[in-house]
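This briefing goes through a structure chain by chain and then looks at where the chains meet. Keep the view open while reading.

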Amino acid sequence: MSPLRRIAAYLIGALTLAGALAPLVSNEDVSIPEHHLLHAVLLAGAVTTALLASPDTAGDRNGAWLVAVVGSPLLVMFLMWPSSYAYLDAHPIAHVGDHLSIALLGFLCTWSGQRYARGIGWIGGVATVSMAVLAAGGFGVVR
Amino acid sequence: MAKGPLVLPVFLVLAAAAMAVMLLVALSTRLSPLPYSQVQPNGYKLRRWWFVILSVGLVAIFAVTLPWFPYPPLRAAAHAAKNDTLYVKITAQQYGFTMPSVLPLDRRIVFEVTSLDVNHGFGIYDPRGQIVAQVQAMPDYVNHLPVTFTRAGRYTVRCLEYCGIGHASMQGGFDVR
Amino acid sequence: MTSARRVLWIYLLTGIAVFTLMMLLGIAMRAEQARWVAFGPQIFYAMLTLHGGGMITSVALCGMGGLWYLMRREGELSARAALAAYALVVLGVVAVLLSVFPGGFAAGWTFLYPLPFVGATWASWATGTFLIGIMLVSLGWTAWCFQILAFTLTRYGGWGGASGWNLVFKRDAEPHAVPPPQSIAAFVVAVDGILTGMAGMTIGTALIAHWLSPSVLIDPLWAKNVTFFFGHAFANLTIYMALGWVYVGMARYTGREYHTTKILAIAWWATLIFVAVAYFHHLYMDFVQYRPLQYVGEIASYLSAIPATAVSVWGSMLLVYRSRMRWTLGSIFLFTGLIGWVVGGIGALLDASIPLNFDLHNTLWVPAHFHTYLLGGVFLFALGLIYMQLEERSGRCSPPLLRWVVGLTTFGGMAVFLLGFYVAGANGVPRRYALEPSPGPLTASWATVGALLLLLGLLVVLIEAIRLARLPAENPA
């Protein structure tokens, strides 16, 4: 891993973690679609970190990696349950926990993908971010 | 105008042509076999023509048929300009429609179609029983369907989106005169 | 039997078994529409829901097993992972089955929001069980796609190799690193499949959330888009999975070789895009949909005919033309499957034309065309694969008289059955009506007769398959 890539991984990872802590300093009201999109940004940070940090090995096709790639995005969707947002807005610590879990799952999906076979982390990560963006269109959202 | 009955002969002719070509290819295996190196170059040459004809043809059909697309004009101003347009509200609900019983002949009508519960379809059948227009009736949205009736008589409206076990009985109608 | 073959047969036999059950439901529904029997709307729509979901899943199972087996012949693939994906799909099918019988869930396999929750004549648990079932199918499907994609990426040297990009743009691509046609197909199916599966999980989660806490609202237009993106692509990909073994089978029966060319790779990239965006044609009659998407839908639907006819069908026809083709039941099914795909495609193109869709949308024209390429295409491809395996194993094929009997009953019955749909659709008979307006009952009567004839033919196909399977193996695996 080149030093530049290592620095970038740490930097983006740190920024993502800092982003996850946002509810501690701001309790601004955001609408549900905005909230989904902010989660997508968080996921994008986690996915990028995982892509930068994952080793360039060929992958080992362990079934556990496959379970993590397929299962994590689904769990992310459940953590974006819109009717929980009101509760989370009132409880910053729980909210940070929610954010950390989302970021961790995004990281896990991508990292496991890369470990399963190189290249899989890319599509797994992109798909996870896309799901969060897609959710902003209608999951808990009406006109 | 109802285009449904025209579609069937067009389909049958195209389908029969495609089947005939493919069956001729199948029958060609009864002739003395040719080496593949002889078949392939000619086949690829012919394919180039097929590619050009099909791509140009399909894009041309899209472009030429644009004026027949049933969508209302995008700008509201274009609606308002036609001030003789009659706006008619249609509300669908499991399992019926709320709508007027009489509508005018030869006048531009814009149906404003919505639903109070699930997705429905607002399908208009002319007095001969052919579909002449349809649009989806959706909750939370209003679809604008422009229609001008040129034939007087009794029109039937049927639901054209599966909406529950009463779907097949969901119908209504109006007179055009 | 090797473990690879075992995986293939587990998928295939489950697929065919589910297909057969669903076919019986289909015949029962056509008989009801013909007014020969009367189950009543509650049972009719429950059958309709199960028939749709079950059929798509059954052909998908055949496709997944077949394509997995072809990939397994190219290199190392985990049978355990394939069986895990299979188990998830089958669990999903069982859940859907329970939700419908005895649950009574009847919102259609397209589960268009908010229908599963409004005016329901079934219990809430049935809705939940159905949604969980769809989610399990979606998960199993996604896991299968990830496994296949991982395989092609590793086997052919990353994205550039597996997609055929290196072949098209780099002149020095090594011949042994070029994926064979079935592997290009597998790559495209897996990429589209992952996107599809993710969309399925998104809408699935949203609906489960609404089921558990009704205060979670969903935008109906968004739900329609995501549901059809998932449903359309999932159904459409079953055809493209089957093409993998059509390529292999046609080459084998004609004794000619089918290679990956630049054109073939580019055609599959086009297919990758068209499968993902053609679904907009399901929303033509939603006039509030963003207008350019309607145009994209029509153009993508139209242009998908180019890779299909100019590459896959054309390539197969060139293989057959004046070859030493061995006409066995296996090759006949593969060849007629191509005919069904093209004929159904013509019906689809007409329906994908917005001015015509205005008259055909949600009429019986829709089941007319998709039955043509699912029954007359993908299902025949699956039979072709089964017979190809049986003929190869036993070194025998069926006698000519039997081929004629099968041909006349199966294809004759199929044609009569399908024409019933087309004629009714062109005359505006709505789809998904338990009681159809005229001329629905008349065309449903022919269709039922045609379907019964088809069933008779398939019975012969089954008995002959059992006979071939019981012959001593000449080429044991």
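## Chain C

In this predicted model, chain C has 16 helices and zero strands. Its radius of gyration is 22 Å, close to the 23 Å that the globule rule gives for 477 residues, so chain C is as compact as a globular protein of that length.

- The C-alpha trace of chain C spans about 60 × 50 × 45 Å along its principal axes.
- Of the 477 residues in chain C, 68% are buried.
- Among the contacts in chain C with a separation of 6 or more, 84% are between residues 24 or more positions apart.

**Domains of chain B**

- Chain B is divided into two parts, with domain 1 covering 34-69 and domain 2 covering 76-176.
- Between the C-alpha centres of domain 1 and domain 2 of chain B there are 40 Å.

**The sheet in chain B**

- Five strands of chain B form an open sheet with mixed pairing, in the order E3-E9-E8-E5-E6.
- Strand E3 (102-103) and strand E6 (131-137) of chain B are at the edges and have a single partner strand each, so one side of each is left without a neighbour in the sheet.
- Strand E8 (residues 153-158) and strand E9 (residues 171-176) of chain B run antiparallel and are joined by six bridges.
- B:Val157 has B:Gly172, in E9(B), as its bridge partner.

**Where chain B touches chain C**

- Here 68 residues of chain B are in contact with 63 residues of chain C.
- Helix H1 (4-27), helix H2 (36-65), strand E5 (120-125), E6 and strand E7 (143-148) of chain B each supply at least two residues of the side that touches chain C.
- H1(B) gives the most to this side of chain B, with 13 residues.
- By class, this side of chain B consists of 43 nonpolar, 19 polar and six charged residues.

**Where chain A touches chain C**

- Contacts with chain C involve 32 residues of chain A and 32 residues of chain C.
- Helix H4 (63-79) and helix H7 (120-135) of chain A each supply at least two residues of the side that touches chain C.
- H4(A) provides the largest share of this side of chain A, with eight residues.
- By class, this side of chain A has 21 nonpolar, eight polar and three charged residues.

Technical notes:
Residues numbered from 1 in each chain as written. Chains lettered and ligands numbered in written order. Predicted model: local features only at pLDDT ≥ 70, side-chain atom pairs only at ≥ 80, totals over all residues. Helix = DSSP H or I, 4+ residues; strand = E, 2+ residues; numbered from the N terminus. Rg over C-alpha atoms; globule rule 2.2 N^0.38 Å. Buried ≥ 20, exposed ≤ 12 C-beta atoms within 10 Å, placed from the backbone. Contact = placed C-beta atoms within 7 Å. Domains from an automatic or database assignment. Pairing = 2+ DSSP bridges. Nonpolar A, V, L, I, M, F, W, Y, C, P; charged D, E, K, R; others polar.
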